[in-house]
Amino acid sequence: MQSSLQRAAEKLIQDVRGEPSSITACDRVGGGCISQACLVTLADGHQLFLKSNPDPLPRLFETEAMGLTTLNEANVIRIPNVLGTRAKQGDVPAFIVMEA
């Protein structure tokens, strides 16, 4: 994981959890065709799923987050809660972080 993405993801996670959150590992996950995905492990052992895309379609991850939230509201199957998304900013790709 590039360091600028790691710093941005750690900031988002820290803002949501209200406590320092350092990423200690990023294990790539296959299966995606337009975004890179990894299972991140935090210093406290908690794991989260992170997807990033350096050249995303407009509002790609914001739209995904809205869809996952809508599906979660149906309460039929387990849908991971989304911690947050960030649009591409400079050298930091757009990304979404959710429960693993």
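In the predicted model, Thr85 counts as buried because its relative accessibility is 17%, which lies under the 20% limit for that class. Thr85 is located in strand β4, which spans residues 82-86, and, when neighbours within four places in sequence are set aside, Thr85 is in contact with Leu12, Phe61, Glu62, Ala65, Phe95 and Ile96.

Strand β4 belongs to an open sheet of 5 strands, arranged in the order β1-β2-β3-β5-β4 with antiparallel pairing. Pairing on one side only marks β1 (23-29) and β4 as the edge strands, and neighbouring strands of the sheet are turned against each other by 20° on average, direction ignored. Within the sheet, β2 and β3 are joined in the antiparallel sense over 6 bridges, and Cys38 has Leu50 of β3 as its bridge partner. Helix α1 packs on the sheet and touches β1, β2, β3, β4 and β5, its direction making about 135° with that of β4. Helix α2 (residues 60-74) also packs on the sheet, where it touches β3, β4 and β5 and makes about 25° in direction with β5.

The largest nonpolar core comprises 13 residues, of which Ile13, Val40, Leu48, Leu50, Phe95 and Val97 touch the most other members. At least two residues of this core are supplied by each of α1 (3-17), β2 (36-42), β3 (47-53) and β5 (94-99), the largest share, 4 residues, coming from α1. Beyond its neighbours within four places in sequence, Leu48 is in contact with residues including Ile13, Val40, Leu83 and Val97. A second, separate core consists of 8 residues, among them Leu60, Ala65, Ile96 and Met98.

Key. Residues numbered from 1 in each chain as written. Predicted model: local features only at pLDDT ≥ 70, side-chain atom pairs only at ≥ 80, totals over all residues. Heavy atoms only, no water. Buried < 20%, exposed > 50% of the residue type's maximum accessible area, 1.4 Å probe, protein only. Contact = heavy atoms within 4.5 Å. Core = buried A, V, L, I, M, F, W, Y, C linked by side-chain atoms within 4.5 Å. Pairing = 2+ DSSP bridges. Axes fitted to C-alpha atoms, helices over the stretch in contact; angles between N-to-C directions.
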